[in-house]
Amino acid sequence: MNQLQQPVIIQMEARKLVGVHISHSLSNRKTKALWSTFMPKRNRIENRVDENLFSIQIYESGLDMIDFTAQTVFTTWGAVAVTDFVDVPQDMATIVLKEGLYAVFVHKGTTDTFHKTAQYIYEVWMPSSIYALDDRAHFEILGRNYLGPMNPDSEEEVWIPIKYK
């Protein structure tokens, strides 16, 4: 990631999504199992908005970077955006991403290098910006430039919920 990258600031409307979720921590990651469960089922979801995949993280007490450790439990979703919640498959759940202000960054590289992007966002960009973290879902959009978790040319949008300080 270019350490000088500035995000695009977007006022997002609420979004409806359908998918699966799991609770885990960085020390007990279950992300691969989540996506292995979701990917074969995703085409059963009706009323999809597009082909983008959403990887959503929800921190029950908000994300506090000072207290966040490898043992902090959070919920991760694998989901797609939908126009409505009609005919949701029985083995899936619904979630609504709340409207609000987001800083959108682009991570280019493998999942193994994602920590560098996160470090830049939370340790460099955020402290020097006019924004603070807001207590809403964090998520990545895996769109047409997402080539897989181990492809160094893969790109994903990183959406960070923000508010004015």
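Biologist: Why does Glu51 count as exposed?

Modeller: This is a predicted model, so the value is computed from it. Glu51 has 60% relative accessibility. Exposed means over 50%, so Glu51 counts as exposed.

Biologist: What makes the contact between Arg48 and Glu51 a salt bridge?

Modeller: Their side chains meet at 3.5 Å, N to O. The cut-off is within 4 Å, so the pair qualifies.

Biologist: Is Arg48 buried or exposed?

Modeller: Arg48 is at 18% relative accessibility. Buried means under 20%, so Arg48 counts as buried.

Biologist: How do you know that Arg136 and Asp134 form a salt bridge?

Modeller: The N to O distance is 3.0 Å. That lies within 4 Å, so the pair is a salt bridge. Arg136 is buried, because its relative accessible area is 11%. Asp134 has 25%. That falls between the cut-offs of 20% and 50%, so Asp134 is partly exposed.

Biologist: How many salt bridges does the structure hold?

Modeller: It holds 4. One of them joins Arg44 to Asp91, with the closest N and O atoms 2.6 Å apart.

Biologist: What makes Arg44 and Asp91 a link between distant parts of the chain?

Modeller: They are 47 residues apart. Arg44 sits in the loop between H1 and S3, and Asp91 in the loop between S4 and S5. Arg44 is partly exposed at 41% relative accessibility. Asp91 is partly exposed too, at 37%. Lys41 joins Arg44 and Asp91 in a network of salt bridges.

Biologist: What stands out about phi in Asp87?

Modeller: Phi is positive, about 60°, although Asp87 is not a glycine. Most residues other than glycine have a negative phi. Asp87 lies in the loop between S4 and strand S5. Its relative accessible area is 59%, so Asp87 is exposed. Asn47 also has a positive phi, near 60°. Asn47 is in the loop between H1 and S3.

Biologist: Why is Ala132 called partly exposed?

Modeller: Ala132 has 23% relative accessibility. That is between 20% and 50%, so the label is partly exposed. Ala132 belongs to strand S7. Its contacts beyond four places in sequence are Met126, Pro161, Ile162, Lys163 and Lys165.

Biologist: Which element gives the largest share of the lining of the largest pocket?

Modeller: H2 does, with 7 residues. The pocket holds about 1,200 Å³ of space. Among the 33 lining residues, Arg29, Thr31, Gln57, Phe114 and Glu140 are the closest to its centre. The lining divides into 18 nonpolar, 9 polar and 6 charged residues.

Note on methods: Residues are numbered from 1 along each chain as its sequence is written. This is a predicted model: local features need pLDDT of at least 70, side-chain atom pairs count only at pLDDT 80 or more; totals for chains, interfaces and linings use all residues. Side-chain values use heavy atoms; hydrogens and water are left out. Helices (H or I, at least four residues) and strands (E, at least two) are DSSP runs, numbered from the N terminus. Buried means under 20% relative accessible area, exposed over 50%, partly exposed in between (1.4 Å probe, protein chains only). Contact means heavy atoms within 4.5 Å. On a 1 Å grid over the protein atoms alone, a cavity is a set of points where a 1.4 Å probe fits but cannot get out, and a pocket is an open set with protein on both sides within 12 Å along at least five of seven lines; lining residues have an atom within 4 Å of a point. Grid points are joined across faces, edges and corners, and a volume is the space filled by probe spheres set on the points. Ala, Val, Leu, Ile, Met, Phe, Trp, Tyr, Cys and Pro count as nonpolar, Asp, Glu, Lys and Arg as charged, and the others, Gly among them, as polar.
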